[in-house]
Amino acid sequence: MTGYDVRLSAFVALGAALGSMARYGLSWTGLHLVGTGFPWDTLVVNIAGSWLIGLYAVISAPGGCRPADPVTRQFVLAGFCGGFTTFSVFSLESLWLMQSGDPGRAALYVAVSLVLWIAGVWLGSRMGRHWNAAAERRER
(Lines give C-alpha, C1' and ligand atoms only; values in the text may rest on other atoms or scores of the structure.)
Protein backbone atom coordinates (compact mmCIF):
# COMPACT_ATOMS: atom_id res chain seq x y z
CA MET A 1 0.00 0.00 0.00
CA THR A 2 1.30 3.42 -0.89
CA GLY A 3 1.03 6.60 1.14
CA TYR A 4 -1.34 9.47 0.68
CA ASP A 5 -0.85 11.15 -2.70
CA VAL A 6 -1.42 14.91 -2.49
CA ARG A 7 -1.16 15.32 -6.27
CA LEU A 8 -3.81 12.66 -6.88
CA SER A 9 -6.10 14.24 -4.28
CA ALA A 10 -5.69 17.65 -5.91
CA PHE A 11 -6.63 16.25 -9.32
CA VAL A 12 -9.67 14.45 -7.87
CA ALA A 13 -10.74 17.70 -6.19
CA LEU A 14 -10.29 19.63 -9.44
CA GLY A 15 -12.29 17.01 -11.34
CA ALA A 16 -15.04 17.15 -8.71
CA ALA A 17 -15.18 20.94 -8.97
CA LEU A 18 -15.48 20.78 -12.75
CA GLY A 19 -18.08 18.00 -12.54
CA SER A 20 -20.11 19.99 -10.03
CA MET A 21 -19.96 23.08 -12.23
CA ALA A 22 -21.09 21.02 -15.24
CA ARG A 23 -23.95 19.54 -13.19
CA TYR A 24 -25.01 23.00 -12.01
CA GLY A 25 -24.97 24.35 -15.56
CA LEU A 26 -26.98 21.45 -16.93
CA SER A 27 -29.44 21.60 -14.03
CA TRP A 28 -29.90 25.35 -14.40
CA THR A 29 -30.52 24.94 -18.12
CA GLY A 30 -32.94 22.07 -17.55
CA LEU A 31 -34.91 23.97 -14.95
CA HIS A 32 -35.31 26.90 -17.31
CA LEU A 33 -36.34 24.67 -20.21
CA VAL A 34 -38.76 22.27 -18.52
CA GLY A 35 -39.55 23.82 -15.13
CA THR A 36 -39.68 22.33 -11.68
CA GLY A 37 -42.61 19.89 -11.92
CA PHE A 38 -40.35 16.83 -12.09
CA PRO A 39 -36.59 16.54 -11.48
CA TRP A 40 -35.72 15.85 -15.12
CA ASP A 41 -32.37 17.63 -14.77
CA THR A 42 -31.16 15.26 -12.04
CA LEU A 43 -32.41 12.24 -13.98
CA VAL A 44 -30.54 13.32 -17.13
CA VAL A 45 -27.34 14.19 -15.24
CA ASN A 46 -27.24 10.80 -13.56
CA ILE A 47 -27.92 8.93 -16.81
CA ALA A 48 -25.16 10.89 -18.57
CA GLY A 49 -22.78 10.40 -15.64
CA SER A 50 -23.49 6.67 -15.55
CA TRP A 51 -22.82 6.42 -19.27
CA LEU A 52 -19.60 8.43 -18.99
CA ILE A 53 -18.20 6.47 -16.05
CA GLY A 54 -18.96 3.16 -17.81
CA LEU A 55 -17.34 4.30 -21.04
CA TYR A 56 -14.27 5.90 -19.50
CA ALA A 57 -13.63 3.05 -17.06
CA VAL A 58 -13.34 0.64 -19.98
CA ILE A 59 -11.44 2.69 -22.56
CA SER A 60 -8.97 4.17 -20.05
CA ALA A 61 -8.11 0.89 -18.33
CA PRO A 62 -4.81 -0.86 -19.06
CA GLY A 63 -5.30 -2.50 -22.44
CA GLY A 64 -8.07 -0.04 -23.40
CA CYS A 65 -7.96 2.04 -26.56
CA ARG A 66 -7.21 5.20 -24.53
CA PRO A 67 -5.27 3.94 -21.49
CA ALA A 68 -4.80 6.64 -18.90
CA ASP A 69 -2.42 7.00 -15.99
CA PRO A 70 -3.95 6.54 -12.51
CA VAL A 71 -4.12 10.28 -11.82
CA THR A 72 -6.04 10.98 -15.02
CA ARG A 73 -8.38 8.04 -14.41
CA GLN A 74 -9.20 9.23 -10.90
CA PHE A 75 -9.58 12.83 -12.13
CA VAL A 76 -12.37 11.60 -14.42
CA LEU A 77 -13.86 8.67 -12.46
CA ALA A 78 -13.77 9.79 -8.82
CA GLY A 79 -13.45 13.51 -9.50
CA PHE A 80 -15.49 14.61 -12.50
CA CYS A 81 -18.07 11.79 -12.50
CA GLY A 82 -18.35 11.90 -8.71
CA GLY A 83 -18.90 15.65 -8.77
CA PHE A 84 -21.19 15.50 -11.81
CA THR A 85 -23.62 12.83 -10.68
CA THR A 86 -26.10 13.79 -8.05
CA PHE A 87 -27.14 10.88 -5.90
CA SER A 88 -27.54 13.03 -2.80
CA VAL A 89 -29.75 15.46 -4.74
CA PHE A 90 -31.66 12.49 -6.16
CA SER A 91 -32.26 11.20 -2.63
CA LEU A 92 -33.52 14.57 -1.46
CA GLU A 93 -35.81 15.00 -4.47
CA SER A 94 -37.19 11.49 -3.95
CA LEU A 95 -37.98 12.37 -0.34
CA TRP A 96 -39.66 15.62 -1.43
CA LEU A 97 -41.79 13.74 -3.96
CA MET A 98 -42.82 11.25 -1.25
CA GLN A 99 -43.58 14.04 1.21
CA SER A 100 -45.63 15.94 -1.36
CA GLY A 101 -48.31 13.28 -1.08
CA ASP A 102 -47.52 11.60 -4.38
CA PRO A 103 -45.79 8.32 -3.47
CA GLY A 104 -46.51 6.85 -6.91
CA ARG A 105 -44.60 9.63 -8.61
CA ALA A 106 -41.72 9.21 -6.15
CA ALA A 107 -41.62 5.44 -6.80
CA LEU A 108 -41.67 6.04 -10.55
CA TYR A 109 -38.79 8.50 -10.26
CA VAL A 110 -36.71 6.05 -8.21
CA ALA A 111 -37.44 3.11 -10.51
CA VAL A 112 -36.85 4.99 -13.77
CA SER A 113 -33.67 6.53 -12.37
CA LEU A 114 -32.16 3.23 -11.29
CA VAL A 115 -33.03 1.43 -14.51
CA LEU A 116 -31.71 4.22 -16.74
CA TRP A 117 -28.54 4.77 -14.69
CA ILE A 118 -27.70 1.08 -14.90
CA ALA A 119 -28.54 1.15 -18.61
CA GLY A 120 -26.25 4.18 -18.98
CA VAL A 121 -23.27 2.51 -17.33
CA TRP A 122 -23.93 -0.69 -19.31
CA LEU A 123 -24.14 1.23 -22.60
CA GLY A 124 -21.01 3.22 -21.81
CA SER A 125 -19.03 0.10 -20.96
CA ARG A 126 -20.30 -1.67 -24.11
CA MET A 127 -19.24 1.31 -26.21
CA GLY A 128 -15.85 1.28 -24.48
CA ARG A 129 -15.34 -2.40 -25.29
CA HIS A 130 -16.37 -1.70 -28.90
CA TRP A 131 -13.88 1.20 -29.13
CA ASN A 132 -11.16 -0.97 -27.60
CA ALA A 133 -11.81 -3.73 -30.14
CA ALA A 134 -11.82 -1.23 -33.03
CA ALA A 135 -8.52 0.26 -31.85
CA GLU A 136 -7.02 -3.22 -31.56
CA ARG A 137 -8.12 -4.07 -35.13
CA ARG A 138 -6.52 -0.83 -36.40
CA GLU A 139 -3.24 -1.72 -34.73
CA ARG A 140 -3.01 -5.06 -36.55
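Guide: Let's start with a term: a helix here is a DSSP run of H or I with at least four residues, numbered from the N terminus. Keep in mind that the model is predicted.

Visitor: Fine. How many helices and strands does the protein chain have?

Guide: It has 5 helices and 0 strands. Reading from the N terminus, the order of elements is α-α-α-α-α. As for overall dimensions, the C-alpha trace spans about 60 × 35 × 30 Å along its principal axes.

Visitor: How should I read two packed helices?

Guide: Two packed helices are described by the angle between their axes and the distance between the axes. Now take α2, residues 40–59, and α3, residues 70–84: their axes come within 9 Å and cross at roughly 170 degrees. That crossing makes α2 roughly antiparallel to α3, since angles over 145 degrees count as such.

Visitor: Which residues of α2 and α3 meet?

Guide: On the α2 side you'll find V45, A48, G49, L52, I53, Y56 and A57. Facing them from α3 are T72, R73, V76, L77, F80, C81 and F84. Sort that contact by class and you get 11 nonpolar, 2 polar and 1 charged residues.

Visitor: And at what angle do α4 and α5 pack?

Guide: At about 155 degrees, with the axes of α4 and α5 (residues 103–139) 8 Å apart. So α4 is roughly antiparallel to α5. From α4, the residues F87, F90, E93, S94, L97 and M98 meet R105, A106, Y109, V110, S113 and W117 of α5. This contact divides into 8 nonpolar, 2 polar and 2 charged residues.

Visitor: Next, pockets. What is the volume of the largest pocket, and which residues line it?

Guide: With a pocket, look at the volume, then at who lines it. Here the volume of the largest pocket is about 170 Å³. Its lining is made of S27, L31, G35, T36, G37, F38, P39, D41, T42, E93, W96 and L97. In class terms, that lining has 5 nonpolar, 5 polar and 2 charged residues.

Visitor: Which helices supply at least two residues of that lining?

Guide: α1 (6–34), α2 and α4 (87–99) each do. The biggest giver is α4, with 3 residues. Notice that E93 and L97 turn up in the pocket lining and also in the α4 contact with α5.

Visitor: How many aromatic pairs does the structure hold?

Guide: There are 8 aromatic pairs. For any one of them, check the ring centres and the planes. F11 and F75 are 6.5 Å apart centre to centre with 75 degrees between the planes, an edge-to-face pair. This pair links distant parts of the chain, as F11 sits in helix α1 and F75 in helix α3, 64 residues apart.

Visitor: Last one: where does A61 lie, and what is it in contact with beyond its neighbours within four places in sequence?

Guide: A61 is in the loop between α2 and α3. Leaving those neighbours aside, A61 has contacts with Y56, P67 and R73. Its C-alpha atom is separated by 9.9 Å from that of N132, which is 71 residues away along the chain.

Conventions
Residues are numbered from 1 along each chain as its sequence is written. This is a predicted model: local features need pLDDT of at least 70, side-chain atom pairs count only at pLDDT 80 or more; totals for chains, interfaces and linings use all residues. Side-chain values use heavy atoms; hydrogens and water are left out. Axes are lines fitted to C-alpha atoms, for helices over the stretch in contact, and angles run from 0 to 180 degrees between N-to-C directions. Angles under 35 degrees count as roughly parallel, over 145 as roughly antiparallel, 65 to 115 as roughly perpendicular and the rest as oblique. Contact means heavy atoms within 4.5 Å. Ala, Val, Leu, Ile, Met, Phe, Trp, Tyr, Cys and Pro count as nonpolar, Asp, Glu, Lys and Arg as charged, and the others, Gly among them, as polar. On a 1 Å grid over the protein atoms alone, a cavity is a set of points where a 1.4 Å probe fits but cannot get out, and a pocket is an open set with protein on both sides within 12 Å along at least five of seven lines; lining residues have an atom within 4 Å of a point. Grid points are joined across faces, edges and corners, and a volume is the space filled by probe spheres set on the points. Rings of Phe, Tyr and Trp (its six-membered ring) pair if their centres lie within 6.5 Å; planes under 30 degrees apart count as stacked, over 60 as edge-to-face and the rest as tilted.
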